[in-house]
Amino acid sequence: MPEAREYDVIVVGAGPAGLMASREAAEEGASTLLLERENSLGRKPCGEAVSVSTLEDAGVKGKRFIRNRVEVFRVHAPDEKKYVDILSRKLGTAGYVIEKGLFLRELAYLAVKRGVEMKMGSAVLDLKRAEGWWEVLVKQGAERRKLRGRIVIGCDGVNSVVAGKALGVRKPEVIPCFQYRMVNCGVEDPHTLEVYLGREVAPGGYVWFFPKDGGEANVGIGVRGAPAKPYLDRFLSSHPELFSRAGVVEVGAAPVPVGGEVEKVVGEGVMVCGDAGGQVIPLTGGGIHSSVVAGKVAGEVAGKAVEGGAGLEEYPRRYEEWSNRISRSLKVLRLIEKLSDKELNQLADLLTGQDVVDLANGTNLKRVGRKLLRHPHFALRLARELLGG
Ligand SMILES: Cc1cc2nc3c(=O)[nH]c(=O)nc-3n(C[C@H](O)[C@H](O)[C@H](O)COP(=O)(O)OP(=O)(O)OC[C@H]3O[C@@H](n4cnc5c(N)ncnc54)[C@H](O)[C@@H]3O)c2cc1C
């Protein structure tokens, strides 16, 4: 094997977290290598819904990757007679459905422009500590190479090699997801994104219908304890108004970590970010924003640390607000999981769009708790728990 090349920072995985982490580390002047197992970016299926603030935090401008502007986010109760609308204009914010592959290429452009050396088709197989360095074993085609990094940032997704081998963290709790990209859907209002709840529709999860422009849509499902595809196919058959003339052009499946942050995101010369660190909002399964921010902070901390700045512990400290959000959202998920379809139908009568946003994001839980306290049934089932934390 040739002599190992040395880098200040080696980032594993070129998803949202890794592209941000590598850019920030390079920005601080660190020699930075980004390794990606796949031969192209954005292979994993995704609903592709993001908030405006995600793009702001990612520091990307321009409309190239925006496929749709979101005005309404509609959450259907299990009986599909009621729904709660979350209106962008009321929240004073907005969202988009993006073309994630193009978005990631934009992030890659910014990273490479800052000096990141990016290697596709490079799967990290193993890593171990040696004389103050991380020795990283990489498979590139038929070849195996050893590289050395002062700091490794694992942004290698839900089955992270870095989290397992370098931090010894357990595999996260996941929800398996399955998604169709569809064309010629019967979209009534392309600016309304819809999710459908209920044990009959998607036990332990939900169905999402996220339209893009021109009748295209991401139609997916997350389900626990049962195979996802039959549930999604059943949903398609029961909504002929949307799908009777539509066709599937892409099929994908991937797990989403919904059990909260892993027990440890930093160790000696190593950090994990994004799905690798369980940094996903558990109730929604949304992880692009939380991964972008984690990568941004970890990359900057790594870049500064190689120059003799603060230690890597600075990363979880600066990420604390997101960590709290994730753990509060997990708490709400655990409560909602216990509710029956009948209770979810009732809840749809009580909650406003703002309440649903707060529950999903784990923000202002006490306010929602106080509101539910007025309802005898939910006072017992939900309010006390929400008020407790
Ligand atoms: C079906 C589905 C729908 C979703 N919809 C949404 C949504 O609408 N909005 C939202 O905000 N979030 C959504 N998410 C979640 C979101 O996709 C993730 O949380 C986000 O992509 C996490 O970013 P990441 O960079 O941490 O990991 P990933 O995007 O998973 O990227 C990890 C990268 O690491 C690479 N890699 C893995 N192992 C290795 C290795 N050993 N060596 C080198 N490279 C490696 C992978 O190939 C991949 O490119 C969805 C997820 C799924 C599965």
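1. Is the crossing of α1 and α8 left-handed or right-handed? It is right-handed. This is a predicted model, and the points below should be read with that in mind.

2. Start with the geometry of that pair. The axes of α1 and α8 are 7 Å apart, and the packing angle is about 25°. Angles under 35 degrees count as roughly parallel, so α1 is roughly parallel to α8. On the α1 side, the contact residues are Pro16, Ala17, Gly18, Met20, Ala21, Ser22, Arg23, Glu24, Ala25 and Glu27. On the α8 side, they include Ile288, Ser291, Val292, Ala294, Gly295 and Lys296. Further along α8, the contact also takes in Ala298, Gly299, Glu300, Ala302 and Gly303. By class, the α1 contact with α8 has 10 nonpolar, 6 polar and 5 charged residues.

3. Helix α1 also packs against helix α4 (residues 100–113), where the two axes come within 9 Å and cross at roughly 15°. The two helices are therefore roughly parallel to each other. Here α1 passes α4 in a left-handed crossing, whereas the crossing of α1 and α8 is right-handed. From α1, the contact uses Pro16, Leu19, Met20, Ser22, Arg23 and Ala26. From α4, it uses Leu104, Leu107, Ala108, Leu110 and Ala111. The class count for α1 with α4 is 9 nonpolar, 1 polar and 1 charged.

4. Now the ligand. There are 39 residues around it, and Gly13, Gly15, Gly47, Gly274 and Gly287 come nearest. Which elements supply at least two residues each of the shell? Among them are the helices α1 (16–27) and α8 (288–306). By class, the shell has 19 nonpolar, 13 polar and 7 charged residues.

5. The domain assignment gives domain 1 as 5–45 + 101–172 + 260–318, domain 2 as 71–91 + 174–257 and domain 3 as 328–387. The ligand shell draws at least three residues from each of domain 1 and domain 2.

6. How far apart do the C-alpha centres of domain 1 and domain 3 lie? The separation is 36 Å.

7. The crossing of α12 past α13 is left-handed. Asp355, Asp358 and Leu359 in α12 meet Leu365, Arg367, Val368 and Lys371 in α13. This contact has 3 nonpolar, no polar and 4 charged residues.

Note on methods
Residues are numbered from 1 along each chain as its sequence is written. This is a predicted model: local features need pLDDT of at least 70, side-chain atom pairs count only at pLDDT 80 or more; totals for chains, interfaces and linings use all residues. Domain bounds come from an automatic or database domain assignment. A residue is near a molecule or strand if its C-beta atom, placed from the backbone, lies within 6 Å of it. Helices (H or I, at least four residues) and strands (E, at least two) are DSSP runs, numbered from the N terminus. Ala, Val, Leu, Ile, Met, Phe, Trp, Tyr, Cys and Pro count as nonpolar, Asp, Glu, Lys and Arg as charged, and the others, Gly among them, as polar. Axes are lines fitted to C-alpha atoms, for helices over the stretch in contact, and angles run from 0 to 180 degrees between N-to-C directions. Angles under 35 degrees count as roughly parallel, over 145 as roughly antiparallel, 65 to 115 as roughly perpendicular and the rest as oblique. A crossing is left-handed if the near helix is turned anticlockwise from the far one by less than a right angle, and right-handed if clockwise. Two residues are in contact if their C-beta atoms, placed from the backbone, lie within 7 Å.
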